[in-house]
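My entries follow the order in which I looked things up.

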Amino acid sequence: MEEKEFRSRQYEGVKRKNEKSGGRRSTGKEEKRGNPTEMGALIHKLHSENGGSDCSHELISKNEVLWKSWRRRRTRSESGEKVVRSQKKASSAPDGVSTIPLYRSAPTLEVRLEDFERFAVDRLLGPVSTSLHSLFDNDEFIGINTFCYANFILRGISDALARGKKPDEMEKLVSDLWKTNMRHPHASEAIDKDIISHFVLRLVYCRTEELRKWFLSMESTLFRYRFRLETSDVHRALMTELGIPYKVVTNAEFEGLKEKLSQVARSIGQQISNPDTVYYKVPWEEVPELVGSRRVFIKKGYAYVALNQVVSFIIPHFRTHLSKALVLTNRKWTSMIREQEKDRLTPIVEALSTSYLGPDYNQDKEIGEISLKDIDQLARTSFPLCMRHLFDSLRDDHHLKHGGRMQLGLFLKGVGLKLDDALAFWKAEFSQKVGVERFDKEYAYGIRHNYGKEGKRTDYTPFSCQKIILSTPGVGDHHGCPFRHFSEENLRAALGKMGVSSRELEQVVDKAKARHYQLACTLTFEAVHGASCDAGINHPNQYFTDSQKILKEKLEFVIDFGLSFELSRTLGRFYNLKEFEVVRKWLDGNNRQSMDIRERFLWR
Amino acid sequence: MNRVSAQTSPLTAFLHRRLPRLPAKIPSLSICSSPFPAISSSPKSIFTTSTAFGTSDFKHIFRKSVNFTDLIFVIGDDSVRVCGKSSLRSSMTKEAQNERDDMLIDDPEPQNEQIDAIPDEFNPNYLKAYYGRLFPHADMFKWMSYGNVVNISKTNSMGYIYTDGKHPACDQSYFGRREFSFTLDNDIYLRFQSFKSASELENGIKDKCPFKIDIGPVYSVDPSKRLAYAQSGDNVFTPVERELVFDIDISDYDDARYCCSGADVCLDCWPLMTIAIKVLHTSLRDDFGFNHILWVYSGRRGVHCWVCDGKARRLNNEQRGAIADYFRVYKGNNNSKSKVSLVGSALHPFLVRSYSDVLRDFFEKKLLCSQQLLSDERYEKILEMIPDESITSELRGKWQDSRRSTSGKDVNVVRWEQLKQLLQSGKQKSTGIRRCVEEIVFSFTYPRLDMEVSKHMNHLLKAPFCIHPKTGHVCIPIDPDVCDEFDPTNVPTLSKLMREINTGGMQVEADKVAVWERTSMGKSIKYFRESFLQPLMKSCKEDIEVSYTLKLQQSKNSLNW
């Protein structure tokens, strides 16, 4: 439930962004669909490694190329020829073994603009994209059900890794994810989809160090498990294709080391079954994970890697190559392509990457607004401990130091407090201590600044948990993460105040002691709301939205239970989910008193 | 930071009162104050100054009237500094404060006792002299430059002449990108110090006179300019090279030794360090193929290891972690009975070798008896490691009955044989039980590494030849081939070295023998130079040569392309 809503919001976000960025995308379906796109050429240009020098030439001839490609495409599609043509197919798998692409060179194939995006989203998130697609097409809102089946490849892998899944669980997960998301009726098209989506995501994730790191580790994991699923013939073929320089251990050498090698094999619960088990002699640095777990024999700096372990040195190869390529792509993207493509690719690429970063909770329109009169109630029910502490301190002291003003102020902005309300809110408190005049002179600026109305006019985003945990509050400061910065005594008192029962309180304190601050916060959330929070708390504003969501559900449950008759009658009038959403929103806006709702509902 | 303890004037006044024939005008006489003026190492100045004032007179006054012993006169061009025991400073401060109170001076008993009680304690006043005359600055520079040496021809106090020619492939910025970190008095840390040349390093150390010098990684840019680079964003300031280091502390072995605990170490438990050296050194050399490995006594409770091969320096954090994990057997969990778990139907060859070559013999022949591991009050701990209840009760029964060994053999040895026999007899089918003997031996003897030190490039580690501030011991290298002979209780200490140079310093230094060679750390410096530095320099030069030829070839190829 949470997940699907989260996702739906994300796509609304993506959609909004695209619309905002204007350009060709919003000018009409006709143009978008019918426009000839030489994406392949572009991708190739971006990713090709020796192509740095002829940029200017390409720049000049770009329009020409586009024109030519458009004509080509027209001729081809008229004659019913396939638009897609892959260089990859020619080079790979010479002996007929189908292998995993190594993404060595960018495809020189033509890609439709919508495929460009759809494939990438499939790789990134899974079939959610079908509904995303419909969102773009502005069709009817297909509904939440689609999201229930949402699987996602890279994000799925990321989640699974974060949860510490075991290798065999990962293997199954990857294989399932791959089958559901990347399948295609034609094998060749599936390969194309694989390659295209990979290269598009390279573009998306090349742009910052953090994004690159994430992408690199997800793609490597994906490759690792896909590799493991293949047969040893494929392994051999891939090793040839990768140009792995390592030598197979000769018979003479093998005889000399036989005993040690079998010792190692037995120590990890394997047997050297057939005497012709192939071993590769590899510098040990290439297989750190095998060395670290003592699963290989090493001698004079060389590790003796059995054929069933080769994935360990293939991955670093894959990884290094990809890492270099990403840096290169980034350079090209920022130096020229971003500007050239600002109407076409840039919006897509930028929208796609935010779906990894997660929403930044910068006045999310989905949340709606909160009004001043509700703020005390909301602070009691839905503020995370850090914000609640700031809020209470502000109410008590009528003052907060800079760090606290930033942390709480941006949070309130994120949950939907408008600038005017924010000014009124802070003024009401501060003026009691420093007077109205001084507030207007010294503090109002900072609040307007937070909303991007002063100074360099950046619309600042609310602080994430990570940022809050890393902050270093000094004497008299109230900001920071209570689970990290409070003494145990104070933390216990604060948790008690939030209504955490003593048994749960111990668990929370244990987690905080073990420095799992976000887990402690998640447990607190669960204790306070009596509901589970699978995603964990990563952002105070996420805490707030999740909390509100649960409270709404609870309310609905009450309505459901108590007013089942009326409700079912009322609900019967909603012909589609879209309308249901409208009602829900309406409900949400009025969830303060259940009696109030009941009456309105009945009235309706 | 400023440890001015006695002003010149009260001291001079005091001396004048005591010693009327002292010249009225003393250029500058002080009891070690900081920041120190530079010490001149030229013997000439000692002569001129000491002739002018008569060093023996000073000695006489101090011995006689203040009853200080073990004085060192550090004589500079325009100053005379007197270094005594650590109590000297405080007593002189007192004396300076109560200048008119002669009682203190006439009744020096308490201070004297203190002096005798801690004869080898660390004395910051000696440190300056140590850095000035003994610390092998040039060798450290040579080591840390790894062949990337700029052509210098200069003789320094260690009598060393840089003769390395500049190779076109030398990276001249290399040494300057290395982080040094100084710990001053009062735990003031100076991180990200960097030096461009040998003389800069030497002067830096002499000026700051750090209690402790730590060596960090080589960064992508000069660490002292890191802030300037930080502004440009994009994370240009990152560690790029660092020796692979290991740190083993005896305090981690507290559950395996009964003689000492914490930072204390004696000749009974030190062998635990010795075998750690043996196990790791063999594996680093034979398994990982490293050649340039330096073992250093850490000054109090353990050893450090520096693996300096080019390959080792360029390892990334993941690979460092892999080596550390490869060596990890011990799982420091207080909740489980057995701290080592060896699973699988066979042991990894590395563990087999360590066990049969080093650990087993050491355990049975030395540790068992020296720590009395199976004596009446201690055997329970070992029995707890055996998972089979019937075996433990059988052994317990046997040992409770026969408290005295009849054969005249050591009771620990006898009991160990009984235990082994029972566990490894043919009756025991499960490998878990048979493996128990090895688990016991491993958990008492296997090296326990401080993993975090080895895993990350940017971990600092104390430099060799530092003085441990708590013990005054010099962190001298240990030769792994003869590590059995190393005696941590007989390591040169700062005050011992000072005595040695003091007696030497007063003599005519006509003979060619350098100061350091006559001291007790001469042997260590020699080992460092001849057995570690020379082979290292040779292979560094080869590496540079090879990479240079490769580069040439590459550029040629690209031209052809």
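Entry 1. The model is a predicted one. I began with strand β2 of chain A, residues 279-283, and looked for its pairing with β4(A). The two strands run antiparallel and are joined by five bridges.

Entry 2. I then asked how strand β3 of chain A, residues 297-299, relates to β4(A). Three bridges connect β3(A) with β4(A), again in the antiparallel sense.

Entry 3. I examined the hairpin made by β3(A) and β4(A), where two residues lie between the strands. One detail I recorded there is the positive phi of A:K300, near 50 degrees.

Entry 4. I turned next to β1(A), which pairs with β2(A) over two bridges in the antiparallel sense. The bridge partner of A:V248 in β2(A) is A:Y280.

Entry 5. I could now write down the whole sheet. It is open, has four strands in the order β1-β2-β4-β3 of chain A, and its pairing is antiparallel. Which strands form the edges? They are β1 (247-248) and β3 of chain A, each of which pairs on one side only.

Entry 6. Finally, I checked how far strand β4 of chain A, residues 302-306, is covered. Four of its five residues are buried, so I call β4(A) mostly covered, taking buried as under 20% relative accessible area.

Technical notes: Residues numbered from 1 in each chain as written. Chains lettered and ligands numbered in written order. Predicted model: local features only at pLDDT ≥ 70, side-chain atom pairs only at ≥ 80, totals over all residues. Heavy atoms only, no water. Buried < 20%, exposed > 50% of the residue type's maximum accessible area, 1.4 Å probe, protein only. Pairing = 2+ DSSP bridges.
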